[in-house]
Amino acid sequence: MIRILPAREVSGEICVPGDKSISHRALILAALAAGASEVENLSEGRDVRSTAAVLRKLGVKIMEDGWNRVRILGCGRFGFREPPGILYCGNSGTTARLMAAVLTGQRFFSVLAGDTSLSRRPMKRVVEPLQRMGARIEGRQGGEFLPLAISGAELRGIRYRMPVASAQVKTALLLAGLLAEGETRISEPSRSRDHTERFFRWLGIDFSSSGLQHRVRPSQIRAFRMKVPGDFSSAAFFLALAVLHPRAELTIHNVNLNPTRTGFLRVLQRMGAEIRITVEDKEPEPVGSLHVRSSALKNVPVPAEEIPQMIDELPLLGLVAACAEGVLELRGARELRVKESDRIAALVSQLRRMGASIEERDDGFFVEGPAVLKGCRLRSFGDHRIAMTLAVAASIARGESLLAGEAWIRISFPAFFATLKAIGGQFE
Ligand code: S3P
């Protein structure tokens with residue numbers, strides 16, 4: 001439990017941890033590569049540690065010089081060894097879904113398991129297309145839930161039209177395509193984060209994309225060196241805090257500005273947020289700084305096509321919309337119900353306690369602002385992004401809040417409270 005008081009002002013210059021999505025991909029691709037790779041600035045969160053722990057159990061050597069510089073001795077695509085015990089993915093959906101794909105193409109038996117929250121999240125979305133590729137994979141309730149038992153098989157390429165926009169599913173199938181015979185073609189219903197596609201091109205993998213269609217052929221993977229840029233999804237909490245706080249001026253350095261991730265930034269700008277962007281690097285991922293200050297915000301429409309590009313920032317959008325003028329009706333975001341928690345129910349219940357006018361929709365929420373939030377008792381529902389959204393809400397509310405379950409922030413951003421303190425946050 002943490003006691004959070006309103007911040008008197010918000011100011012300073014900060015960095016955020018390495019991007020979580022890119023960190024998972026970097027570890028997995030380095031493990032599949034032949035030779036030694038070096039990755040700097042990996043995400044410090046528990047989720048990325050889960051991926052590293054699973055890879056280590058498969059025989060991958062990961063040497064740390066702190067978590068800031070990691071050397072990975074890749075085993076090649078088919079060089080992993082059969083693990084004697086289960087592979088525990090903790091709370092990490094990305095670990096479970098991406099590793100399920102990699103393991104189906106091996107020649108041995110393995111079992112993936114996770115914590116209570118992960119064991120409730122849908123897996124059929126990867127299990128079913130992998131089975132079509134020839135995978136021998138089974139799970140609880142017909143493959144819908146962990147644990148997954150994988151017998152290993154020779155995969156063959158397929159053509160697959162994804163029913164939901166999900167970068168995890170897309171990435172899982174592209175990784176399986178690297179191990180399969182023949183060509184794998186995937187089409188997604190709308191554009192989700194494209195870190196895997198950028199990574200594949202950068203590594204010279206036999207891969208091409210045109211719009212929402214992707215094509216990959218089995219390829220060897222070369223070892224690489226990379227520096228992971230800061231996580232936009234972590235930066236987003238401080239962006240929201242700065243635009244909502246009446247006395248704020250903040251710079252966030254070294255942030256990944258991949259347009260398939262920054263939908264929330266574009267919506268904030270449409271709402272009238274004062275944000276200046278300096279782009280410093282472009283390849284393989286755009287990176288730059290964000291300069292942001294207190295802003296007068298008006299709600300704007302957010303069409304469903306934009307949702308995949310801000311999927312992890314939607315709880316923050318609900319908070320910002322509740323404090324902005326006018327109404328926002330967000331629809332087409334049913335995926336929020338199957339994240340680390342039911343994020344629609346979690347967000348709406350907690351913001352209502354704080355005095356916001358927000359209601360659930362089956363696939364989103366309806367918000368009417370502006371509300372003046374008041375501090376109260378809050379809980380995180382075991383969800384790191386809900387915990388951080390509520391810590392931001394408590395920092396701009398009137399009076400004190402008591403937030404239970406704040407330790408879940410370790411999943412993606414262990415230094416969140418230290419960063420909040422550095423820019424004027426007050427808590428104990
Ligand atoms: C992720 C994709 C998103 C996101 C998750 C990370 C990824 O999930 O919510 O935090 O790294 O590909 P979905 O692909 O299931 O939408």
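A polar contact is a pair of N or O atoms within 3.5 Å; within protein, one atom must be able to donate a hydrogen and the other to accept it, and residues adjacent in sequence count only if both atoms are side-chain atoms. The structure described here is a predicted model, in which local features need pLDDT of at least 70 and side-chain atom pairs count only at pLDDT 80 or more, whereas totals for chains, interfaces and linings use all residues. Residues are numbered from 1 along each chain as its sequence is written, and side-chain values use heavy atoms, with hydrogens and water left out.

In the side chain of Ser21, an N or O atom is 2.7 Å from an oxygen atom of the ligand. For Arg25, a side-chain N or O atom likewise lies 2.7 Å from a ligand oxygen. Ser166 places a polar side-chain atom 2.8 Å from an oxygen atom of the ligand.

The chain is divided into domain 1 (2–17 + 229–427) and domain 2 (20–214 + 221–227), with bounds that come from an automatic or database domain assignment. The centres of the two domains, taken over C-alpha atoms, are separated by 28 Å. Contact, defined as heavy atoms within 4.5 Å, involves 28 residues of domain 1 and 26 residues of domain 2. The size of an interface is often given as the accessible area lost when the parts come together. Here the buried area, which is the accessible area (1.4 Å probe) that two parts lose on being put together, summed over both, is about 2,400 Å² between domain 1 and domain 2, and carbon and sulfur atoms give 49% of this area. Pro284, Glu340 and Ile411 supply 22% of the area that domain 1 buries against domain 2, more than any other three residues.

A salt bridge requires a side-chain nitrogen of Lys or Arg within 4 Å of a carboxyl oxygen of Asp or Glu. Three salt bridges are found across the interface of domain 1 and domain 2.

The structure as a whole holds 37 salt bridges. In one of them, the closest N and O atoms of Lys20 and Asp47 are 3.2 Å apart. Lys20 lies in helix H1 (residues 20–32) and Asp47 in helix H2 (residues 46–57), so the pair ties together parts that are 27 residues apart in sequence. Helices (H or I, at least four residues) and strands (E, at least two) are DSSP runs, numbered from the N terminus.

Backbone geometry was also examined. Leu146 and Pro147 are joined by a cis peptide bond with omega about -5°, and Pro147 is placed in strand S9 (residues 145–150). A cis peptide bond also runs from Gly369 to Pro370, with omega near 0°; Pro370 lies in the loop between strand S20 (364–369) and strand S21 (377–379). Gln141, a residue other than glycine, has a positive phi near 50° and is found in helix H5 (residues 140–143).
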